[in-house]
Amino acid sequence: MTNSNLNHGIHSSNLPARLFTKQSQALIYNYKEAAVQRMLDFDNVSQRDTPSVGGLIHPGSDGGMYKAFFGFKELVIPVYNSVSEACQQCPNADVFLNFASHRSAYQSSLLALREPSIQTVVIIAEGVPENEARSLISVAKKLGKVIIGPATVGGIQAGSFKIGNTAGTIDNIMACKLYRSGSVGFVSKSGGLSNEMYNVLSRCTDGIYEGIAIGGDAFPGSTLTDHALRYEKLPEVQMIVILGELGGWDEYGIVEALKRGEITKPICAWVSGTVAKIFPTEVQFGHAGAKSGGESESADAKNKALREAGAVVPTSFEDFSNVIAATYAKLQSKGLVKPVEEPTPPELPLDFKTAVKAGKVRKPTSIISTICDDRGDELSYAGVPISEVCKEQYNMGDVIGLLWFKRKLPPYASKFFEMCLKLVADHGPCVSGAHNTIVAARAGKDLVSSLVSGLLTIGPRFGGAIDDSARVFQDAVDNNLQPSQFVEGMKSKGKRIPGIGHLIKSADEIDKRVVLLKDYAFTHFSSTKYLEYALEVEKYTLQKANNLILNVDGCIGVLFLDLLHSSGLFTQQEIKDIIDVGYLNGFFIVGRSVGLIGHALDQRRNKQGLYRHQADDVHYAL
């Protein structure tokens with residue numbers, strides 16, 4: 001036996017006795033939909049109060065929400081694009097379930113091990129390179145973390161927490177009574193045989209307390225010995241059942257632990273692979289570690305060593321259930337185990353396809369709403385009852401804060417919102433939006449159609465430059481571009497600068513709206529970094545033309561950047577989402593709708609007839 005084998009297989013475990021509880025939650029990386037739903041279905045029949053899936057991680061995604069069922073209720077699970085973000089947003093999740101392939105499992109598992117909130121990392125992939133597996137094991141030991149796998153199906157604490165696809169379908173979970181706790185601690189290398197053993201243990205004992213499949217690769221993150229020593233420390237576990245296999249030295253760790261008296265609870269053990277002796281040469285079985293490299297690694301040698309050390313070892317796998325039943329009966333006779341009170345698991349709804357066949361259906365919702373709730377006795381905006389909104393006399397800026405930004409904003413921010421709405425409400429009958437609304441109203445169209453006619457003109461050339469101005473100015477500031485670099489760079493691309501320039505206003509005839517916005521910001525905002533940069537850009541553009549001023553769209557855009565960044569209410573990701581989604585143009589749309597409605601009503605009130613443009617105002621170039 002080499003030193004490396006000794007160090008890996010025979011040692012005192014430093015693993016914590018208790019890995020999971022009924023409050024444990026997992027973050028699932030590169031998630032599989034079936035595994036997520038199976039975990040939640042297990043939660044339901046185990047009568048957990050909270051779902052065991054805290055969040056999902058889909059690398060490279062834009063985040064969002066994933067819908068699944070938690071019993072009869074539909075559950076919305078957040079999706080994150082990085083391990084760090086998920087851990088930050090879900091600090092109570094202490095299990096990291098990694099479905100990444102063997103090519104990428106190392107890096108993602110390493111990131112999870114380094115997160116303070118993660119205590120247990122489960123690596124499903126098989127075929128993880130051995131040097132990477134060893135590296136992860138070393139990191140986990142240094143950090144006091146636990147690894148289950150690679151090449152594992154996971155584990156389960158009966159009635160409390162299930163990892164991924166452990167124990168298979170809900171029918172198997174019910175048949176094996178895994179929805180409630182027993183008194184057996186089980187550990188195996190094989191996930192498939194674990195499912196079989198859960199069934200055996202449910203018939204021969206009161207069932208498992210916990211079951212772990214450590215994985216079949218040559219270098220598992222935790223060993224049979226690690227988990228057997230954990231079970232020794234758990235008061236709920238009265239007997240230990242171990243299913244090993246030929247190859248490797250892990251089972252000898254249990255032998256040494258028994259000899260040293262570190263394990264005193266009865267152990268029933270079997271090492272599979274006794275059939276290997278009939279083959280004339282070495283045979284590789286299903287797992288990477290399941291091959292006999294010598295006599296001492298054979299199943300027969302391990303079974304013999306376990307038996308001599310005090311474990312109860314059958315003569316064959318077929319006899320395993322009998323020795324388990326006999327060992328459990330002795331515990332019963334000594335009064336060490338008491339009859340389990342059988343709970344009545346709640347009914348689990350059928351999935352849609354199955355329900356269709358059975359004539360029962362559960363229907364997923366079509367819409368996710370995170371801003372308001374009209375159920376119950378009272379409408380609420382972002383959790384604030386409508387009576388409170390009216391009672392506290394929220395202004396429209398406050399309502400926008402609740403419904404757009406999902407939070408109550410400070411008074412100066414809400415007042416700024418209202419100020420923007422007032423300033424963009426109208427700009428006379430000659431601008432394109434008002435003109436279209438007037439033409440539609442005079443054509444006899446109803447109010448909604450007239451309004452929409454005007455709104456549809458909003459775009460990059462009319463009122464739709466707020467978002468674009470915010471994007472380009474933020475990019476310029478964040479990249480430390482000098483105003484001249486920014487302007488000339490846009491020019492070289494053949495692009496206008498959103499928010500710069502006006503058809504009728506100029507440096508000689510300033511836009512009073514911009515003056516009001518600047519004065520308000522300099523008085524109330526804690527930082528005006530983006531506005532100040534935009535004004536430096538204006539100085540440069542005015543050298544080119546007298547009308548290349550910072551217009552109202554551009555001013556609103558940069559002031560929103562200053563508000564978002566300086567208020568301390570928004571994360572960098574939230575700010576990015578606000579700009580990318582297009583929140584800011586919404587202020588022009590809402591504000592200008594007031595003016596467009598006014599123009600439509602004005603035309604109808606004055607009974608104006610069908611509009612026809614004057615022919616002398618058309619240049620016919622035929």
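**View 1. Thr-225 counts as buried because its relative accessibility is 0%.** Buried means under 20% relative accessible area, with a 1.4 Å probe and protein chains only. The model is predicted, and local features need pLDDT of at least 70, side-chain atom pairs count only at pLDDT 80 or more, and totals for chains, interfaces and linings use all residues. Residues are numbered from 1 along each chain as its sequence is written, and side-chain values use heavy atoms, leaving out hydrogens and water. Thr-225 lies in helix α8 (residues 224–233); helices are DSSP runs (H or I, at least four residues) and strands are E runs of at least two, numbered from the N terminus. The side chains of Thr-225 and Asp-250 are joined by a polar contact of 3.1 Å (a pair of N or O atoms within 3.5 Å, where one must be able to donate a hydrogen and the other to accept it).

**View 2. Buried residues of helix α10 (residues 299–309).** These are Ala-299, Ala-301, Lys-302, Asn-303, Ala-305, Leu-306 and Ala-309. Their cover includes β12 (239–245), α9 (250–259) and β13 (267–272). Gly-310 follows α10 and has a positive phi, near 120°.

**View 3. Helices α16 (residues 432–442) and α17 (residues 447–455) cross at roughly 150°.** Their axes, lines fitted to C-alpha atoms over the stretch in contact, come within 7 Å. The angle makes α16 roughly antiparallel to α17 (over 145 degrees). Contact (heavy atoms within 4.5 Å) is made by Gly-433, Asn-436, Thr-437, Ala-440 and Ala-441 of α16 and by Ser-450, Leu-451, Ser-453 and Gly-454 of α17. The contact residues divide into 3 nonpolar, 6 polar and no charged, with Gly counted as polar.

How values were computed. Buried means under 20% relative accessible area, exposed over 50%, partly exposed in between (1.4 Å probe, protein chains only). Axes are lines fitted to C-alpha atoms, for helices over the stretch in contact, and angles run from 0 to 180 degrees between N-to-C directions. Angles under 35 degrees count as roughly parallel, over 145 as roughly antiparallel, 65 to 115 as roughly perpendicular and the rest as oblique.
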